[in-house]
Amino acid sequence: MRVYLPSTLPALARVVAAGELGPAPLTGFAVTPALIEWYASGDTEELEYVALTEAARASLRLLAAGPAAGDGEGAARRVVLAADVPDETVKAGGGLEERARVRVVEPVPLKLLAAVHVDDPAAVPDVEAAIAVLPAADGGDDDARFVVDGVEDHELLWYATQEIPDLLT
């Protein structure tokens with residue numbers, strides 16, 4: 001099953017050093033039965049895009065929650081790791097607002113990564129602005145929500161796994 005795992009550039013560096021994503025359980029996003037039922041008219045590609053977008057939102061929250069946003073130039077970039085993991089290691093969960101949310105119950109070896117999706121460096125100012133207003137957006141501030149939602153105007157770039165070292169330099 002393809003699972004989209006939210007991350008950050010500093011966390012990706014730690015994954016590379018450790019050789020795996022962990023410890024389990026890991027929160028990810030995937031095409032779940034609940035997502036398929038909710039978005040019945042969507043094809044597989046559209047459903048995977050929804051899961052990727054949810055993971056990108058979770059990456060923004062990771063950036064806001066930790067010092068990763070300040071770890072070097074350009075660190076305030078959303079990162080989503082796409083991994084092909086055995087179906088039996090994925091447990092669907094989440095409520096009505098998180099139809100794509102899953103738990104991966106085992107660490108994910110680096111070799112199971114299929115791709116990495118990362119913001120272009122040009123998105124950094126908008127990502128930083130969204131991080132700054134995220135608490136206000138969560139509190140219901142419409143202007144702050146507009147800023148946070150605006151980050152989604154930036155499409156994540158696709159990188160092959162062999163390009164990971166270039167992302168980390």
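This is a predicted model: local features need pLDDT of at least 70, side-chain atom pairs count only at pLDDT 80 or more; totals for chains, interfaces and linings use all residues.
Residues are numbered from 1 along each chain as its sequence is written, and side-chain values use heavy atoms, with hydrogens and water left out.

The residues of α1 that are buried (under 20% relative accessible area, with exposed over 50% and partly exposed in between, for a 1.4 Å probe and protein chains only) are Leu9, Pro10, Ala11, Leu12 and Val15. At the start of α1, a side-chain oxygen of Thr8 comes to within 3.1 Å of the backbone nitrogen of Ala11, and after the helix comes Gly19, which has a positive phi near 85°.

A nonpolar core is a set of buried Ala, Val, Leu, Ile, Met, Phe, Trp, Tyr and Cys residues joined through side-chain atoms within 4.5 Å. The largest has 22 residues, and Val3, Leu5, Leu21, Leu81, Val108 and Val116 have the most contacts inside it. Two or more residues of this core come from each of β1, α1, β4, β6, β8 and α6. Apart from it lies another core of 15 residues, including Phe29, Leu35, Val50 and Ala100. If neighbours within four places in sequence are left aside, Val3 is in contact (heavy atoms within 4.5 Å) with residues that include Gly28, Phe29, Leu81 and Val104.

A pocket is, on a 1 Å grid over the protein atoms alone, an open set of points where a 1.4 Å probe fits, with protein on both sides within 12 Å along at least five of seven lines, and its lining residues have an atom within 4 Å of a point. A volume is the space filled by probe spheres set on the points.

| Largest | about 450 Å³ | Arg57, Arg61, Leu134, Asp138 and Val148 |

The lining of the second largest pocket has ten nonpolar, three polar and two charged residues, and here α1 gives the most, with four. In these counts Ala, Val, Leu, Ile, Met, Phe, Trp, Tyr, Cys and Pro are nonpolar, Asp, Glu, Lys and Arg are charged, and the others, Gly among them, are polar.

Notes
A polar contact is a pair of N or O atoms within 3.5 Å; within protein, one must be able to donate a hydrogen and the other to accept it, and residues adjacent in sequence count only if both atoms are side-chain atoms.
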